[in-house]
Amino acid sequence: MSTFHNVCSVPSSLWLTGIPGLETLHIWLSIPFGSMYLVAVVGNITILAVVRVERSLHQPMYFFLCMLAVIDLVLSTSTMPKLLAIFWFGAGHIGLDACLCQMFLIHCFATVESGIFLAMAFDRYVAICNPLRHSMVLTQTVVGRLGLAAVLRGVLYIGPLPLMIRLRLPLYKTRVISHSYCEHMAVVALTCGDSRVNNVYGLSIGFLVLILDSAAIAASYVMIFRAVMGLATPEARLKTLGTCGSHICAILIFYVPIAVSSLIHRFGHQVPPPIHTLLANFYLLIPPILNPIVYAVRTKQIRDRLLQILKTGTKIR
């Protein structure tokens, strides 16, 4: 790797270190990370294929699930191929514009995913609290508009981040990013000049997405639980809550790693840098891996269709 000097300059490219402090283990780390990426890609493509061919799954909840699958593919693919290239070939070089583009994709689609979870909570609220109007309220057009609104919100929230870095902080004191991908704060830390506006904006967006979205989802589930408790029998309550189980698991899988990673990044100054970076990668990999598994295990139609495909494949052999 080239040696870079701590002099403020306008670089055309930057250098990603991978997992700082664990460079000697990169080739071994590529095995679990490569395996997890493969599982994420296969799992999410399988979900998309099953929902496409199984007409009984052409319902709002599964359309939202397909949106999650696409988002998870974008999130994992925006980071993992580059990380594996660093592990295998030491290919840490990345153009400045490519770095800012990667930053935008990661933070934008994480924001979009949070918006989709919010839309899914609304879907569950209508399905349970007002079931007779569910098909009229959540038509395919409305589902598409909710998905588009989540994408537009992500673009509007995150679009200024790379623009502010490009326009306000063009000078860099070093080209070496002690990270495996172009995370916003990791890039801002390299720049010369006053980065307070960038830091405040980043924190504000984090608050809007993480706190407000999770609060709105929690409020929807409070109303759902109130409606469920009004049902006559325990069996009816369990059956109704069972329709929310996959969504609750997916929400926890998404929000808990983000919250833990954010808290450690802001306050865990004693945590070693390799742990910071590993956690940041896991929060981009865990939801794409576990979401398809959760929905395949807990959704009868998806489970039955997958078993049918496996049986057909076995007979052909």
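Visitor: Which residues does the UniProt annotation "transmembrane region" cover?

Guide: The unreviewed entry lists 25-50, 62-91, 103-122, 142-165, 205-228, 240-258 and 278-297. UniProt positions follow the numbering used here, feature names are shortened, and annotations may be inferred rather than shown by experiment. Residues are numbered from 1 along each chain as its sequence is written. This is a predicted model: local features need pLDDT of at least 70, side-chain atom pairs count only at pLDDT 80 or more, totals for chains, interfaces and linings use all residues, and side-chain values use heavy atoms, with hydrogens and water left out.

Visitor: How much of residues 240-258 is helix, and how far apart are the end C-alpha atoms?

Guide: Helices are DSSP runs of H or I, at least four residues, and strands are runs of E, at least two, numbered from the N terminus. Here 240-258 is 89% helix and 0% strand, with its end C-alpha atoms 29 Å apart. For 205-228, it's 100% helix, 0% strand and 34 Å.

Visitor: How do I read a ring pair?

Guide: You describe a pair of aromatic rings by the distance of the centres and the angle of the planes. Phe, Tyr and Trp (its six-membered ring) pair if their centres lie within 6.5 Å; planes under 30 degrees apart are stacked, over 60 edge-to-face, the rest tilted. That gives 7 aromatic pairs. One of them, Phe 254 with Tyr 255, is edge-to-face at 5.0 Å centre to centre and 80° between the planes. Ring pairs also join Phe 33, Phe 87 and Phe 282 in a cluster.

Visitor: Are Phe 254 and Tyr 255 buried or exposed?

Guide: Buried means under 20% relative accessible area, exposed over 50%, partly exposed in between (1.4 Å probe, protein chains only). Both Phe 254 and Tyr 255 are buried.
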